[in-house]
There are 4 protein chains.
Amino acid sequence: MTLPETPLAPELAVSEWFNTPAPLTLAGLRGRPVLLHSFQLLCPGCVAQAIPQVQRIERVFAHTDLQVVGIHTVFEHHAAMSPVTLRAFLHEYKLKSPVGVDLKEDGSDIPVTMQRFGWRGTPSCVLIGRDGTILHQAFGVEDDIAVGARIAMALSAPPPRSAAAPAATP
Amino acid sequence: MTLPETPLAPELAVSEWFNTPAPLTLAGLRGRPVLLHSFQLLCPGCVAQAIPQVQRIERVFAHTDLQVVGIHTVFEHHAAMSPVTLRAFLHEYKLKSPVGVDLKEDGSDIPVTMQRFGWRGTPSCVLIGRDGTILHQAFGVEDDIAVGARIAMALSAPPPRSAAAPAATP
Amino acid sequence: MTLPETPLAPELAVSEWFNTPAPLTLAGLRGRPVLLHSFQLLCPGCVAQAIPQVQRIERVFAHTDLQVVGIHTVFEHHAAMSPVTLRAFLHEYKLKSPVGVDLKEDGSDIPVTMQRFGWRGTPSCVLIGRDGTILHQAFGVEDDIAVGARIAMALSAPPPRSAAAPAATP
Amino acid sequence: MTLPETPLAPELAVSEWFNTPAPLTLAGLRGRPVLLHSFQLLCPGCVAQAIPQVQRIERVFAHTDLQVVGIHTVFEHHAAMSPVTLRAFLHEYKLKSPVGVDLKEDGSDIPVTMQRFGWRGTPSCVLIGRDGTILHQAFGVEDDIAVGARIAMALSAPPPRSAAAPAATP
């Protein structure tokens, strides 16, 4: 018996989804690489740099089975960044891939998915492999060339043996 | 008797002010040049281009009597861009000059100041002379060099004769 | 008798002119504001920032009597930046305003105009008033808004009394 | 017997090398991926976009066996872009990887390597696999994310069987 060398990504905790007909789970996406990007709609670095990079990633890898998933991780100004404002933001900024609202629990400003992944702030980005393990995680925006290289490596990995029934594209 | 050659700017109609201890009026600012910029917090062109230009203007003309005034002109997604969200936006984007919420009246999506000035959308910008007349008005973001030149000309104009008691800086 | 408050700009020393049918002198341009920009064709900051700014200045002030003059101030790699290479550079970068080659004298790497103005390197920029005095001088590239404001002030100054016969535009 | 599916890259034809102790050949680099970038020092698109991209590529893939090779492909203004000017250009723009001067033959403005690869102008870029075949070729500057992805794929390919003695890094 062998133990996994890298940790499985924790599961998402989302209270409301946009841009997808059905809720997503990382378990359900097993077999495909996932680019998870955490943002806040009033975070200047997210709006000026991270969101445009996500849109370039969507364009370059449109014909692959990479799944891009956004998580709206509100940890400050909670009343200012409600789902009503998020819906208009996604419309104005033309974000097409699925976005989930990170689950807020009473008693903590830090929502649940943010706690599970240990994100230090927004923007944060996680690349998850076909086998569900975390390949790379970063706070802030990284160089486009390095990001493209990492996603290509994740895409070229063989599907895991247990992924007998790969998830359908939402 | 002579008639004015250029039109006086219409008065502002504002329901709530931020970044100022007291409400502002163009009448009260007579004697100083005013740069009026109209924006919406979910307008990508405002956030990426117009707001940064306003901040460069504030920096370059900090030691002059130019008054910069923002008007949050919501004409769509009204519930998404409430004053609660605007307050957090001003904090996150570090906007320091006065900002007024354009007055919304029942029965029209277009707020009152926007109607009075005839703005076609956001961002819009108006340069008002010491005598209260509109020197220049534009929809969209113009070249920094031209903007700097126009403001310098407005600043170098002599104070109007009737401006016996110039308004104090807020 | 009164002494001038600001120094007259020193005269240009140029060995070869491009983009002008006849040599230029600052004396001959008296009565008009002059933007003098010093550059080297292999200077990365000149090519990436200063030359594009000069081209924006030319566009914004095309309908004024501002005269833009470039000085190719070679103080290193002399063999690499000959007039033959400069001619091709002006063609490729579409520089349309007059450019003079700063006069190189035996025994010094620093050409004569550079010595007279005391430039510390390239890019450098000098704004000269209608009366021939230096209004502003800077090493490096300054903010577009401030540059636009200064040129507008220089343009709005009245012509000097002695400029009875203003120079014709080349 | 099987025929190769993709063509071998033609060999370089270079009259003078910079930034390398010994001349390079693609045959000698067999076993390593090669990024070949063609430029002219007076080409605005090369200077503003392609060269900075090459430098980002060098930084991101510094710890891999990717070999970056520049070819100075002069096809116009020949006297203006001599090796003397190229040497100063490489110094000023801090290009560290090997650069060869594309061989000029009498009777043609188009140098030999440019003819062999069929480049339409500068900047052009070719990605060559470990087995010496052309993986991708483009005129102009492509998206950083796509460039990063393609290089990562080239790096992850297994070495060709015939590459028993891989070339040493210059």
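Two strands count as paired here if DSSP finds at least two bridges between them, and strands (E, at least two residues) and helices (H or I, at least four) are DSSP runs numbered from the N terminus. This is a predicted model, so local features need pLDDT of at least 70 and side-chain atom pairs pLDDT 80 or more, while totals for chains, interfaces and linings use all residues. Residues are numbered from 1 along each chain as written, chains are lettered from A and ligands numbered from 1 in written order, and side-chain values use heavy atoms, without hydrogens and water.

**View 1. Strand β2 of chain D and its two partners.** On one side, β2(D) (34–39) runs antiparallel to β5(D) (124–128) over 5 bridges, with D:L36 opposite D:V126. β2(D) also pairs with β3(D) (67–72), in the parallel sense over 6 bridges, and here D:H37 faces D:G70. Getting from β2(D) to β3(D) takes the chain through helix α1 (44–60), a right-handed β-α-β crossover (clockwise from the first strand over the helix to the second, with the strands pointing away from the viewer).

**View 2. Both faces of β2(D) are covered.** D:V34, D:L36 and D:S38 point one way, D:L35, D:H37 and D:F39 the other, and all are buried (under 20% relative accessible area, 1.4 Å probe, protein chains only). In a regular strand, side chains alternate between the two faces of the sheet.

**View 3. B:Q40, tucked into a loop.** B:Q40 sits between β2 (34–39) and α2 (44–60) of chain B, and counts as buried at 2% relative accessibility. Its side chain makes polar contacts (N or O pairs within 3.5 Å, one able to donate a hydrogen and the other to accept it; sequence neighbours count only if both atoms are side-chain atoms) with the side chains of B:E76 at 3.4 Å and B:T122 at 3.3 Å.

Note on methods:
Buried < 20%, exposed > 50% of the residue type's maximum accessible area, 1.4 Å probe, protein only.
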